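The model is shown first.

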Amino acid sequence: MISLKNKVLDTIEEKEIEPKPEWKFTVHSWLLWASVGLSILFGALAFSIIIFFSVNGDWDVLARIPNRVSFIFFTLPYAWLIATIVALVFTEHQYRQTRDAYRHRYSLTIFGVFLATTALGFIFYYVGIGQMLDAQLERLPGYEQVINPRVGMWNMVQEGRLAGKIIEVLDEKEIVMMDSQRNIWLVTFEEGTEVPETLLTSGKRVRLLGRSLTKEEFKAKRILPWIAHEPDRLRIERLKFVPGMKE
Amino acid sequence: MNKHPEGRKDHELVKATLKHKEAYGLLIERYEAPLLRYIRRLTNVSDEDADDLLQEVFIKAYQNIRDVDECQSFSAWIYRIARNHVISNYRKRNVRPEGHASEIDDNVFDALLADFSEDKSFDREVLRSQLFEVFGKLDRKYLDVLILKYFQEKSYEEMAYITQKPAGTIATLLNRAKKQFRERAKKAGIHFEL
């Protein structure tokens, strides 16, 4: 009877099996760490957009919006929340495959991954990357409808909400605006409406509260910037992200 | 670096294997019997299939021999390969690997009793067969750690490395495994203080 030792050695000989070269293990290890890094990066980018959306939520007009609970519910950035969670889970999973990961407690690594992702996400938001990324992605077809539900919630003229980009400022009482569906609106302001000069600029994105008069006319009683709290533009300019800005 | 003399010898044999594959035969001889017992405890495959699995484990280990971690014992490394291979084999065949504590030899039996009981006034043979039955009914995840601890006599560090779980998780699993063992033993009518 052939011993197991001889069987194994004979198989190795016959099939010309050789030990894998060391570089393969090195590359595998590097790829694992790279996937951990990229996953943290992706999660942080998604998280920076969540912060950007949260900071620029419609807190300033919430009191004036009927059904505010459902408004908040429908404007949450679900796609980015899911993307962040998926990135967190994937990062933890990939980290677990690394050589010494087994030495660390699950709770510790989950916390570490969460901390790294959110901290980097805050930095990305702070330097304006969240806003820049949102502006870049906005060019993709369907992005606003699917990824950023806030746009849809501000395209409800029947409920007195309209948002879009100013195409032309006729005078301090009248503007021409294009909404996200590319419909053109003639917007007039009610008597006594406070219209900040800084908002009356062609290309500026704004939110309006008021009522529609016809399918092309809107009477606004309040005008607000689309992005209420922009990160310091200087920081973005320093990073040369200005060409990607949506406004 | 592994300070254990046996561990050092293993690592020397690993280095020798990279120069002359015949040296690998010595590692096979050293680990053939314990690994076969381990595989048979992890899975309920036939003796023939267990032999085939073991052969595949040694070939896989040979292919990956440059990945041996010098900070870890070769023993833990090859047990890890064996465990992963049994699990992946189970996934491929979609057959549940049910461990069967086929042999509870005296050393294992004494180790178990030392941990589970203070009372030594019992019929050892009756208890041995009862323990065999209780082990067969434990949850897979608990059996996994109990086999490594009591049958393969692995340290916590080695168990953590083999299962790729943190040592704290291993300790928790062992505690739960003991608890489940006590409950199942009680249900099976085994009367000794646990």
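With which side chain does the side chain of Asp58(A) make a polar contact at 3.0 Å? The partner is the side chain of Arg150(A). A polar contact is a pair of N or O atoms within 3.5 Å; within protein, one must be able to donate a hydrogen and the other to accept it, and residues adjacent in sequence count only if both atoms are side-chain atoms.

This is a predicted model: local features need pLDDT of at least 70, side-chain atom pairs count only at pLDDT 80 or more, and totals for chains, interfaces and linings use all residues. Residues are numbered from 1 along each chain as its sequence is written, chains are lettered from A and ligands numbered from 1 in the order written, and side-chain values use heavy atoms, without hydrogens and water.

| Side chain | Polar contact partner | Distance |
|---|---|---|
| Asp58(A) | Arg150(A) side chain | 3.0 Å |
| Asp58(A) | Arg207(A) side chain | 2.6 Å |

Asp58(A) has a relative accessible area of 4% and is therefore buried (under 20% relative accessible area, 1.4 Å probe, protein chains only). Leaving out residues up to four places away in sequence, Asp58(A) touches Phe71(A), Arg150(A), Trp154(A) and Arg207(A) (contact: heavy atoms within 4.5 Å).

Between chain A and chain B, the contact takes 23 residues from chain A and 28 from chain B. The rule finds five salt bridges across this interface (a side-chain nitrogen of Lys or Arg within 4 Å of a carboxyl oxygen of Asp or Glu). Lys21(B) and Glu18(A) form a salt bridge at 3.8 Å, N to O.

Terms used:
Buried < 20%, exposed > 50% of the residue type's maximum accessible area, 1.4 Å probe, protein only.
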